[in-house]
Amino acid sequence: MTLFNPEAASYLGPLAQLEEGLRPCEQISLQAAEAALGEVADGVIVTDAAGTVVYTNPLVNEMTGDLVGLLPGQPLSEGLRLCNSRGDAIEPILPASSDLGEVPRTREFNACIERPGEEHVPLEVTVQVMALWDMGVLKNYVLVLRDTSAARRVSTRLMWQSSHDALTRLPNRQFFESELQSQLSLCVDKRQHHVLLYLDVYQFKVINDTLGFVAGDQLLVQLVELIKRCLSSDDLFARVGSDEFAILLRDCTLEEGGRVVARLRDSVQNFSFFWEGNDNRVAVSIGVVGVDHFTPSASQLLASANDACCSAREQGRNRVKLFGDSRKVLEKRRETTWVAEIHAALREDRLMLYRQPVVSLKGDRNVHHYEILVRMRGRDGGVISPGLFLPAAERYGLIEEVDRWVIRRVFDYMAQEQRLGMVGINYAVNISGISLGDETFADFVLQSLSDAGVTPSRVQFEITETSAINNLERALIFIHKLRAAGCSFALDDFGRGVSSLAYLRQLPVDFLKIDGSFVRNMLEDEIDSAMVSTIDHLAKRMGISTIAEYVESPELMEKLSQMGVDYAQGFGISAATGLPELDSYPGMLHHSRGPKP
């Protein structure tokens, strides 16, 4: 900042004259005022009512680029030239009239100051009127000039940083999604097409782990420059993850996009990353999605492209996958949409318990026990089938939380039955393979039994043969702990796995549930009928009772009874229904079941 030199311009006289006319309580030391104005970060100019300069602080000199600056007695319009952003002069700076009735007390506007041979300096200008308002006398104008160039540079820099990746200097995911959504809103013409590419650097983690993060960063920088050379200036290229990139090929058909992808893949295949004397080959996986006026939101579009990219990565190096040509990708996409819904259902208590009877095929064919089945209540009040959401729960690690919810709710319901004297009803609860492999799950079940006060002999657990075999050690521990407490076990879907017979002798179960794929068609298929007969015969030799699933007709029920199968379950007997309200179901007080084997 240029220091004030009192010898360069003597402009204290006019201020001193003004000071003499003030009352003592209105006066301020000139030295104090001058010191204060010299330290502020804004330029300050004082003029009289006619617009003649009375005082300027040192910063005005810097702003105008004139070492002498505005001198006292000089008209403001001659010494200070302001213009707009286009370079057009702003005139007048001060109000044209000195009539207080027409002059605003404060005026603010944006302007630029002209500096010889330099760019214009952007300013915020404030003009304040100093007047004796009660007497209608205008005394002075005070102009405050604030240099906004630094603030604008900082603001521009911050805006860039919030929308770009610092390493590659590419737009980031937030900016890309915003631009993609804007592009989608313009896709009103059926002939307008774009192509979205989603790229993943194949096994990028290996580079980071073996060569270090500095090498990984340098690889990405070089790869970005390589990819840029394959794109046109109209294409939007962004970094949307640590090793993931997205490209929007504007005004491009899938056929044209295919040529771009081929050129891009060839370039990457021929690229070598040299680091510390080592030659490293790089590969990418590419997902491709067509964009037109039927396309959903930008976030869904990116998710679809990412799914296609994941499918390409599973096939190996430098593979390309078009979204929509892979049933596996579509199924995975549908599953992922259920994850948030399952979380919400658990949080909002929207899971529901149903039950389906398992009846004896001997004597009066009474209900032996009920299998507990889980459903979800949709946001619209409808009932959602477990086949829609349970596969997603298993795939994404939510099934154990569902299992625990079911256990708590079933035991609470059974405890209420016991308090009403309904002790003859038994229930079978399905246990997933993930819960079976959890070493804490058996203790959780035992504690829940104890807390609810449920008689253990009323509880049967169903485990699939696949989950039991895959977690054999944990399955045996779980079965032995719960059988010791008095619970029984059924091996579900028996016969589906190729190793069923080899492992059956190791699993101390009470029931075998014959897989429904054999039962359903056994009246028409002799092989299926023979399989059911063989499984039943084997189970009897081992002292295990059998349950046939998917029994859908009286004829099938009669055939199973003749074979000697012990129990049956299916739509031909009864569909699954919601748990009855206990206070409205007095007939269940004297319910009886068949003898326990």
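In the predicted model, Thr47 stands opposite Val53, a residue of strand 2. The two strands concerned, strand 1 (residues 43-48) and strand 2, pair in the antiparallel sense over three bridges. They belong to an open sheet of six strands, arranged in the order 2-1-6-5-4-3 with antiparallel pairing. Strand 2 (53-56) and strand 3 (82-83) are the edge strands of this sheet, each pairing on one side only.

The analysis of open space identified a largest pocket with a volume of about 1,200 Å³. Its lining comprises 38 residues, and those nearest the centre of the pocket are Glu371, Leu373, Leu390, Asn430 and Asp492. By class, 16 residues of the lining are nonpolar, 10 are polar and 12 are charged.

Across the whole structure, 10 aromatic pairs were found. In one of them, the ring centres of Phe461 and Phe478 lie 5.8 Å apart and the ring planes meet at 75 degrees, so the pair is classed as edge-to-face, for which the planes must be over 60 degrees apart. Because Phe461 lies in strand 18 and Phe478 in helix 17 (residues 472-485), this pair ties together parts that are 17 residues apart in sequence. Phe461 counts as buried because its relative accessibility is 0%; Phe478, at 2% relative accessibility, also counts as buried.

Phe478 forms a further edge-to-face aromatic pair with Phe489, with 5.8 Å from centre to centre and 85 degrees between the planes. Since Phe478 lies in helix 17 and Phe489 in strand 19, the pair ties together parts that are 11 residues apart in sequence. Phe489, like Phe478, is buried. Ring pairs extend this arrangement into a cluster that links Phe441, Phe444, Phe461, Phe478 and Phe489.

Aromatic rings also take part in contacts with arginine side chains. The charged end of Arg355 sits over the ring of Tyr370, at 3.8 Å from the ring centre. The ring of Tyr354 has the charged end of Arg375 over it, 5.2 Å from the centre of the ring.

Notes:
Residues are numbered from 1 along each chain as its sequence is written. This is a predicted model: local features need pLDDT of at least 70, side-chain atom pairs count only at pLDDT 80 or more; totals for chains, interfaces and linings use all residues. Side-chain values use heavy atoms; hydrogens and water are left out. Two strands pair if DSSP finds at least two bridges between them. Helices (H or I, at least four residues) and strands (E, at least two) are DSSP runs, numbered from the N terminus. On a 1 Å grid over the protein atoms alone, a cavity is a set of points where a 1.4 Å probe fits but cannot get out, and a pocket is an open set with protein on both sides within 12 Å along at least five of seven lines; lining residues have an atom within 4 Å of a point. Grid points are joined across faces, edges and corners, and a volume is the space filled by probe spheres set on the points. Ala, Val, Leu, Ile, Met, Phe, Trp, Tyr, Cys and Pro count as nonpolar, Asp, Glu, Lys and Arg as charged, and the others, Gly among them, as polar. Rings of Phe, Tyr and Trp (its six-membered ring) pair if their centres lie within 6.5 Å; planes under 30 degrees apart count as stacked, over 60 as edge-to-face and the rest as tilted. Buried means under 20% relative accessible area, exposed over 50%, partly exposed in between (1.4 Å probe, protein chains only). A charge sits over a ring if NZ of Lys or CZ of Arg is within 6 Å of the ring centre and within 35 degrees of the ring normal.
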